[in-house]
Each structure stands twice: as structure tokens, then as C-alpha cells.
Amino acid sequence: MTMRGWVGDALCVEVGPEMFYIEDDVDQSRLRYSGAAQKLCGSCPVRPQCLEDAMTVEYGTGLGRRYGIWGGLTPIARVRLARQRGERVAGRGFDDILE
């Protein structure tokens, strides 16, 4: 499947994008959106492709340049995953959040 060729099979196409794009992860009301998005992603048949797309697009970027829930992961979780994979992650200003 080509990059973004999976989108037609994604469960998120049936809901609004606001569920997946959180302006402030600290705001408790917005964390509910994160949970709802992650729950939907958990049963999505193309979750692995979505996550890999996000990781490819975000390669080398820091937390401040990652947005939304992709493949069921928050921006913080995707930075952690990038570091676990040994990828270069720009910036170090959010290390206290990431540990």
C-alpha cells in the first residue's frame, strides 16, 4: 500500500478531525478527545500504516513539530517511539515530559 493509500480504509474518515488534533494535552477536557481518538485507532484496520506514515513524515522533528493523534499515539508517544527506534529527534526542551 502506498503512503496515504490506506486512508480510505481508516475508521477516522467517519469522524471529524477535531478528535485527533489537540491544542493542549494538559487541558483535561481535551484529553478526552485523545482517549476517544486512541480508542477508535485501537480497532482501526490500518493503524500500523497510519503510524508509519506519521513516523515517516515527522522523522527528525521534535515534539513541537508533531501534532495530533496518528496510529493511536500522541505526539509525546511518537517522540518516545522515535527515540526507541534510534531516530534523531530535534530539540531537547521537552525531556522532562518524555521521561
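**Notebook: salt bridges in a predicted model**

I started with Glu58 and Arg78, whose side chains meet in a salt bridge at 2.8 Å, N to O. The term means a side-chain nitrogen of Lys or Arg within 4 Å of a carboxyl oxygen of Asp or Glu. This pair links distant parts of the chain: Glu58 sits in the loop between α2 and α3, Arg78 in helix α3, 20 residues apart. Helices here are DSSP runs (H or I, at least four residues), numbered from the N terminus. I checked burial: both Glu58 and Arg78 are buried. Buried means under 20% relative accessible area, exposed over 50%, partly exposed in between (1.4 Å probe, protein chains only).

I noted the ground rules: this is a predicted model, where local features need pLDDT of at least 70, side-chain atom pairs count only at pLDDT 80 or more, and totals for chains, interfaces and linings use all residues. Residues are numbered from 1 along each chain as its sequence is written, and side-chain values use heavy atoms, with hydrogens and water left out.

I then searched the whole structure and found four salt bridges. One of them joins Arg85 and Glu52 at 2.4 Å, N to O. Arg85 lies in the loop between α3 (75-84) and α4 and Glu52 in helix α2, so the pair ties together parts 33 residues apart in sequence. Arg85 is partly exposed at 39% relative accessible area; Glu52 is also partly exposed, at 36%. Glu87 bridges to Arg85 too, with closest N and O atoms 3.8 Å apart. Glu87 is buried at 16%. I logged Glu52, Arg85 and Glu87 as a salt-bridge network.

Last, I looked up confidence, given as pLDDT (from 0 to 100 for each residue). The chain averages 80, and 75% of the residues score at least 70. Helix α2 (47-57) is highest at a mean of 93, helix α4 (95-98) lowest at 50.

How values were computed
pLDDT = per-residue confidence, 0-100. Helix = DSSP H or I, 4+ residues; strand = E, 2+ residues; numbered from the N terminus.
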